[in-house]
Amino acid sequence: MVTPDLVSEEDIAKLIIPDDLPDEHPTFKAYIEAKVYDKEGHLMQYHRQPMRSLTQYFLALMSIPLIGTYQGASIDQAVGILTSVLGLPSSISSSQSANISWDWAIRLGSGTQAFSLSLTGLAAPILNGTGAGELSYGSLSVSYTNSAIILSLQVSNTTSNTISVTEIGITCTVYTQYNQTTVSTYSFLLSYDTFSTAVSVPALGMAVFQITLSFTG
Amino acid sequence: MVGKGIEDIDINMPKDAYDIGKDTPTFRAYLTIVVRDSEGKVVKVHRQKSHSPTANFIGLMLPLTYFNVTGSSFTIKSTGGSTYNYKPAISPTIQCISYPNSGYNYPSYIAMIQVGSGQQSNPYSTYSLAAPIANGSGTGQLVYGQPSIPSNITVSGSSAYFTVSQTFNNNSGGTVTITEVGIVTYLQFGGAYSTSPGFSGNILVWYDVLSSAISISNGGSVTIYYTFTVNP
């Protein structure tokens with residue numbers, strides 16, 4: 001799309017602010033899927049909905065591959081987004097070197113809350129366990145295809161009552177390693193969504209929650 | 001234990017289960033290109049959606065769990081074609097992206113927004129521009145300015161964004177035409193007590209073919225803005 005020529009200087013700042021450019025393919029689509037099985041393994045419910053709510057922490061995390069961690073080739077200070085949004089230090093006190101990595105998890109909850117860019121957690125997280133109202137979390141599975149990252153989590157309900165899941169989020173833990181073995185951690189919520197209809201996991205049943213982050217080229 | 005597949009079961013499929021192409025994406029990227037003549041007057045503004053992270057970007061975004069569970073590495077390919085088996089972990093001997101510190105630094109930073117005069121159809125597998133325009137004042141070249149990076153994310157209501165930009169001057173003596181654009185990050189990977197990185201290289205992480213070519217006249221300039229936003 002080409003806007004009219006001879007745009008004034010003051011309009012340029014407005015142009016780089018995001019808005020909608022219609023009739024073009026979206027850059028990114030994300031979906032949340034849930035499959036619920038009864039205690040005999042029969043599929044009871046299949047739910048799929050678009051993910052709607054990424055936080056500012058997702059944007060900050062993706063800035064690392066896009067613009068790096070340093071302000072420049074000869075500036076040994078972290079880029080502002082990492083310090084101001086993620087709260088990472090501008091420079092780690094270390095007699096050796098330092099590096100950064102991160103991990104993700106899917107978290108489920110039984111509450112709801114309004115979305116904000118700076119949400120730090122679910123409204124009512126469902127704990128990992130076998131007690132009342134708890135689900136047994138399996139290991140997160142991560143895979144990728146061309147331009148998509150897929151997260152999958154299996155949970156089991158070992159209690160004698162149905163457990164309703166109404167909210168879901170991707171959490172992130174950023175690790176900085178330095179001085180050989182010292183590790184600092186920083187935790188964030190990358191996305192937050194409520195289900196359009198609650199996902200009910202029956203007693204002794206199980207569910208698989210899958211999130212697909214697709215960068216559609 | 002999962003007993004039967006979805007095809008065997010009479011399930012209730014909600015209406016929102018289907019991709020009807022009208023969902024509001026939660027992330028977008030934009031390209032804004034401002035062209036000026038030799039007197040600094042804006043002569044064209046080009047805007048388009050940016051579509052294309054490369055495989056390098058996808059690999060760099062993967063969480064530790066992927067590497068821990070699969071035992072696999074991800075092959076990062078530099079613009080020069082050299083490769084690196086990226087496999088981060090929480091271990092002092094494992095190489096991850098470098099971070100600023102008071103000991104040994106090997107910076108990872110944005111190298112440039114690179115422009116080119118070619119195009120290629122599969123951005124995912126792209127690791128370099130098809131025909132990069134060299135930095136200089138020779139025929140067909142542009143003088144690359146320094147990339148500008150944001151100091152923070154800008155928040156507006158429930159959306160947020162940041163913008164990366166770079167200006168290029170045309171001192172070539174003729175018109176130069178841009179048809180492709182990408183973001184190149186210089187990344188260095190090292191352990192938590194390394195005195196030198198295990199791998200260093202220019203990595204193409206984002207790539208776009210322009211929906212229409214952009215021409216910069218001699219003496220003119222072009223500024224390219226990449227904007228990344230959530231919940232637009």
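Within chain B, Gln188(B) stands opposite Ser200(B), a residue of strand 11. The model is a predicted one, in which local features need pLDDT of at least 70 and side-chain atom pairs count only at pLDDT 80 or more, whereas totals for chains, interfaces and linings use all residues. Residues are numbered from 1 along each chain as its sequence is written, and chains are lettered from A in the order in which they are written.

Strand 10 (residues 176–190) of chain B is joined to strand 11 (residues 199–216) of chain B by 13 bridges, and the two run antiparallel. Strands here are DSSP runs of type E of at least two residues, and helices are runs of H or I of at least four, numbered from the N terminus; two strands pair if DSSP finds at least two bridges between them. Strand 10 of chain B also pairs in the antiparallel sense with strand 6 (residues 109–116) of chain B, over seven bridges, and there Met112(B) is placed opposite Val184(B). Two bridges connect strand 10 of chain B to strand 5 of chain B, again antiparallel, with Phe189(B) as the bridge partner of Ile97(B). Because 13 of its 15 residues are buried, strand 10 of chain B is largely enclosed by the rest of the structure (buried: 20 or more other C-beta atoms within 10 Å of the residue's own, C-beta atoms being placed from the backbone).

Pairing also crosses between the chains. Strand 5 (residues 98–109) of chain A runs antiparallel to strand 5 (residues 96–98) of chain B, joined by two bridges, and Ile97(B) is the bridge partner of Ile100(A).

Notes:
Buried ≥ 20, exposed ≤ 12 C-beta atoms within 10 Å, placed from the backbone.
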